[in-house]
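Open the model in your viewer and keep the selection panel at hand. Each stop below tells you what to pick and what to look for.

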Amino acid sequence: MWKISADPYVDGNILFSDYCAIATTSDGTDVSYVVGLPRNEGYKEGIGSVAKFRTIGTFENYNGTHLLIGDYFNHCIRWLNRKTNQTSVFAGRCQVMGTKDASLLNATFYRPRALAINGNFIYVADFKTHSIRMIDLYTEYVYTLFSGGELVYPKGLALDGSRNNLLVTVNHGILSYSLKGSDPNGTAKTNMTEGFNDGTLEQSRWRYPMSITAIMDHVYIVTDNMNQRVRIVDDAKNSVTSICMGKRGRVYANATSCKLFSPTSACLFGSTLYIGTKQSIVKIDLDVTAAAPTTPQSATTGMMALFQTTFRLP
C-alpha cells in the first residue's frame, strides 16, 4: 500500500491505495472500494469500479470532496470526485511518459510517485526523471522545480510547519528544499549513506525511505522500507527514533519488538498509527503528547493486523 491517510470524505475512516484501486474502511472488516479494482489494471476514465489505473502511486485530498491521484504507470495525475466517484485527467498525458514542461494537459510525467499540496501549488515527485515538478494552478502550467544532485528516485513529499520548505525522501536519505528559491540544490537533512542508524539527523542512516508524513510542526513519520521499520524524525530535537525494530517479518507485538514486512506508508489518526506494508495495514496505538509522539519504549498497545490486501504490490 503506497498511500494511506485519514479519509476526508467519510469521517472516522482511513483511505488507502490497493494496487489499482483506492478503498476506505473504518475497522478493516468493512472495506469499500471507492474507485478502481485491485487487479483491474489499465487506463480508463469512469465511475467507481469502471475506472482503471496502473498502480496508484499516491493520492492527496484536495478539498474534502476531490482527490488528486498519481497514476504511476500511466504517467499522469488524475482527479476523483468523491461525490460521484467519477475520474478525469488533471495533469499530464495518460499513457505517455516524458519530462515536458507545458500546460496542464500537454505536460508529461514519468511515474508520479508523491504529491504535496500548498494552496495553488501542487508538488509532484517525478520518480524516473529524478525531479520535483510543480503544478501552478494560477497559470495552469507544469514546471520542473528541482532536479539533479542528490535528488535520486524521489518517493515521498512533505511540507514543513512553515510551508516554506519541502522535504523529499530519496534513495538513502531525506533532502530539504526551500520553496523561496534560495537553495535550488537542496540540503541533506540526514546522512545520505545507505545503512541503518538512529540518533541525530546527521548520524541517521536509511535504506530506501518511502513515505514522509508531517504529524506536528517539525515532526515526521517516515517509512524506512528496506530497514523494515517506521521512524520518527523530530527536526526541532534533531533526533531520529525507530518503531518496530524487529527484523523483517510480521510479528504483532509491542512497538519496540514488532516486525514489519516492507513498510511503504503511514499516517497518524488520533493516537493510532496506521502503517501500510506490501500486503497489509497494521496499526499501533501510541501515547501522543502536544510536543511529539512518545518514544517507542512507552508506546501502549501492541501492533495488530487491520486489513490484508488482495494483491502483492510490485
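**Before you start**

This is a predicted model: local features need pLDDT of at least 70, side-chain atom pairs count only at pLDDT 80 or more, and totals for chains, interfaces and linings use all residues. Residues are numbered from 1 along each chain as its sequence is written, and side-chain values use heavy atoms, with hydrogens and water left out.

**Stop 1: confidence**

Colour by pLDDT, the predictor's confidence in each residue, from 0 to 100. The protein chain averages 88, and 87% of the residues score at least 70. Now select 289-304, where pLDDT stays under 50. The model has 50 contacts (heavy atoms within 4.5 Å) for this stretch, counted beyond four places in sequence. Select 307-314 next: pLDDT stays under 50 here too. For these residues the model has 34 contacts beyond four places in sequence.

**Stop 2: an open sheet**

Strands here are DSSP runs (E, at least two residues), numbered from the N terminus. Two strands pair if DSSP finds at least two bridges between them. Show β13, β14, β15 and β16, which form an open antiparallel sheet in that order. Which strands are at the edge? They are β13 (156-159) and β16 (187-188), and each pairs on one side only. Zoom in on β15 (residues 173-178), which pairs with β16 over 2 bridges in the antiparallel sense. Pick Leu175 and its bridge partner in β16, Ala188.

**Stop 3**

Select β22 (residues 272-276). Is this strand mostly covered or exposed? It is mostly covered, with 5 of its 5 residues buried; buried means under 20% relative accessible area, exposed over 50%, and partly exposed in between (1.4 Å probe, protein chains only). Show the side chains: Thr272, Tyr274 and Gly276 point one way, Leu273 and Ile275 the other.

Leu268 stands opposite Leu273. The hairpin of β21 and β22 has 2 residues between the strands, and Gly270 takes a positive phi near 70 degrees.

Tyr274 stands opposite Lys283 in β23. β22 and β23 form a hairpin with 3 residues between them.

**Stop 4: aromatic pairs**

The structure holds 10 aromatic pairs. Rings of Phe, Tyr and Trp (its six-membered ring) pair if their centres lie within 6.5 Å; planes under 30 degrees apart count as stacked, over 60 as edge-to-face and the rest as tilted.

Select Tyr62 and Trp79, an edge-to-face pair at 5.3 Å centre to centre, with 65 degrees between the planes. Tyr62 lies in the loop between β5 (56-61) and β6 (66-71) and Trp79 in β7 (residues 76-81), so the pair ties together parts 17 residues apart in sequence. Tyr62 is partly exposed at 31% relative accessible area, while Trp79 counts as buried at 19%.

Move to Phe146 and Tyr177, a stacked pair: 4.3 Å centre to centre, 25 degrees between the planes. Phe146 is in β12 (residues 141-147) and Tyr177 in β15, 31 residues apart. Both Phe146 and Tyr177 are buried.

Then select Trp2, Tyr72, Phe73, Phe127 and Tyr153, which ring pairs link into a cluster.

**Stop 5: charges over rings**

A charge sits over a ring if NZ of Lys or CZ of Arg is within 6 Å of the ring centre and within 35 degrees of the ring normal. Select Arg229: its charged end sits over the ring of Phe196, 4.0 Å from the centre. Finish at Arg231, whose charged end sits over the ring of Trp206, 4.1 Å from the centre.

Definitions and conventions. Helix = DSSP H or I, 4+ residues; strand = E, 2+ residues; numbered from the N terminus.
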